[in-house]
Amino acid sequence: MAFIALSDLVYLVCLISLQFTAAKPDGCGIRANTQTRIVGGEISYPGKWPWMAAFYRSNSNQYCAGALISDRHVLTAAHCVAAIQPSKLQIRLGEFDLSGRLPVPLPENNNNSARALLEENSAFQNNIYNVEKITVHQQYEPRSHLHDIAIVRLNRPVEFSTVIQRICLPPPSLPSLEDRTAFVAGWGTTAFLGSTSSSLREVEVPIWNNQACLEAIGKNVFDTTLCAGGRIKSADACQGDSGGPLMMPMVDDRWAAIGVVSWGIRCGEPTKPGLYTRTSHYTDWILSTVQQRT
Ligand code: ARG
C-alpha cells in the first residue's frame, strides 16, 4: 500500500535532518516517556510532546507555540512571528506547566515518572532561548492565511533531553490523510474567548476532506490547508495554540508534524474544523531554510 512506501520517506526526512543537527542517534519524533488553546481535550503529562515550544513576546504571557525540528530550529505559524523583531521573541523548551506546577492530578500509574520529568524540567533553568533569525514564508498572505508558516532559528543549539526532543517532518508526498486522526497540543484557551491553560493540553482530532472543509468554512481552504476537528465531540485548537504542531505517528511510531495551527472560526464547533498549514507541502522549503547557515 502506498502508505508503507511513503513511511520510508518519513525516515528519509528524519535522516536528512540528522545531517544538520547534533542529534543523539535516537533521531526525531521519539519521546522518551512512552507511557502513555485546546478545546475538549485533556491535560497532557511532562515529556509526552517534547518538541513543544512556548512563544513569549517581551514581558508578556505565552501567546503562540511551535515545534522543535532540529537542534536549532522551531517550526511555527507565520502569523505568530511576521510582525515581531527577533530580539522581542523568547522561546521556552521542555515546558509542561508554564507556571512550574506539577500536573494535577498526576497521571495515573505515572506519578513518579511525571514528577521526575518535571523536576528535571524545572531543574533545567536554561530552557529559555533567544532568537537569531525569523524566516516567514515569502508568499505568506495574512488576509487569507495562505502559506501561514515560518521558521525560527534559536541563538544557541539545544541540548536534547527526556523533555526536549525534535519532531520529524512528513514526506513531501503525503496523501490527504482524511478520516485518520491526529493530535494537537497547546497552552491556548480551552473555549472560544475562554482562559488559557498553564498545563499543556492535548486533543485528538479527525482530519477532514478539503472539499467538505471548504463547504464548512466558506473560503480560504487551499491545497496547502489541512482541516481537522471534532465532528461529534468538540475537539479543536484555539487562541494561543497557533503555531503548534498537528501530530501523527508514522513509521516506527515516530511522530511527524503534519500541520501547523493556523486559524479557525471561533473554536470547537463540531461543524467547523480548525485550519492548519499542511506541512508536507512545505517540507522542501523547511529543509532548505534550516540548511541556511545564517
Ligand atoms: N489564530 C489562533 C492563534 O493565534 C489559532 C486559532 C485556531 N483556531 C481554531 N479554532 N482551531 O492562536
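The model is predicted. The chain has 294 residues, and 49% of them are buried. Five helices and 13 strands make up its secondary structure elements. Six of the strands form a closed barrel.

**Confidence**

- The mean pLDDT over the chain is 85. A score of at least 70 is reached by 81% of the residues.
- Residues 1–12 stay under 50 in pLDDT. The model gives this stretch 18 contacts beyond four places in sequence.
- Residues 14–25 also have a pLDDT below 50. Their contacts beyond near neighbours in sequence number 22 in the model.

**The barrel**

- The strand order in the closed barrel is β2-β3-β4-β7-β6-β5. The pairing is antiparallel.
- From one strand to the next, the twist averages 40°.
- As background, strands of a sheet pair through backbone hydrogen bonds, in either a parallel or an antiparallel sense.

**Strand β3 and its two neighbours**

- Strand β3 spans residues 62–68. Seven of its seven residues are buried, so the strand is largely enclosed by the rest of the structure.
- On one side, β3 pairs with β2 (residues 52–57). Five bridges join these two strands, which run antiparallel.
- M52 has A67 in β3 as its bridge partner.
- β2 and β3 form a hairpin, with four residues between them. N59 sits in that turn and has a positive phi of about 55°.
- β3 also pairs with β4 (residues 73–76). This antiparallel pairing has two bridges.
- A67 has a bridge partner in β4 too, namely L75.
- L68 stands opposite V74 in β4.
- The link from β3 to β4 is a hairpin through four residues.

- H145 is not a glycine, yet its phi is positive, near 70°. H145 belongs to the loop between β6 and β7.
- Is H145 buried or exposed? H145 has 20 other C-beta atoms within 10 Å, so it is buried. The cut-off for a buried residue is 20 or more.
- N220 is another residue other than glycine with a positive phi, here about 60°. N220 lies in the loop between α4 (210–217) and β10 (225–228).
- N220 counts as partly exposed because 15 other C-beta atoms lie within 10 Å. Exposed residues have 12 or fewer, and the partly exposed class falls in between.

**The ligand shell**

- There are 14 residues around the ligand. Those that come nearest are A237, S242, G264, C267 and G274.
- What classes of residue make up the shell around the ligand? Five are nonpolar, six are polar and three are charged.

**To look for in the structure**

- Then follow the barrel order from β2 through β3 and β4 to β7, β6 and β5.
- Finish at the ligand, with A237 and S242 among the nearest residues.

Note on methods
Residues are numbered from 1 along each chain as its sequence is written. This is a predicted model: local features need pLDDT of at least 70, side-chain atom pairs count only at pLDDT 80 or more; totals for chains, interfaces and linings use all residues. A residue is near a molecule or strand if its C-beta atom, placed from the backbone, lies within 6 Å of it. Ala, Val, Leu, Ile, Met, Phe, Trp, Tyr, Cys and Pro count as nonpolar, Asp, Glu, Lys and Arg as charged, and the others, Gly among them, as polar. Two strands pair if DSSP finds at least two bridges between them. Axes are lines fitted to C-alpha atoms, for helices over the stretch in contact, and angles run from 0 to 180 degrees between N-to-C directions. pLDDT is the predictor's confidence in each residue, from 0 to 100. Two residues are in contact if their C-beta atoms, placed from the backbone, lie within 7 Å.
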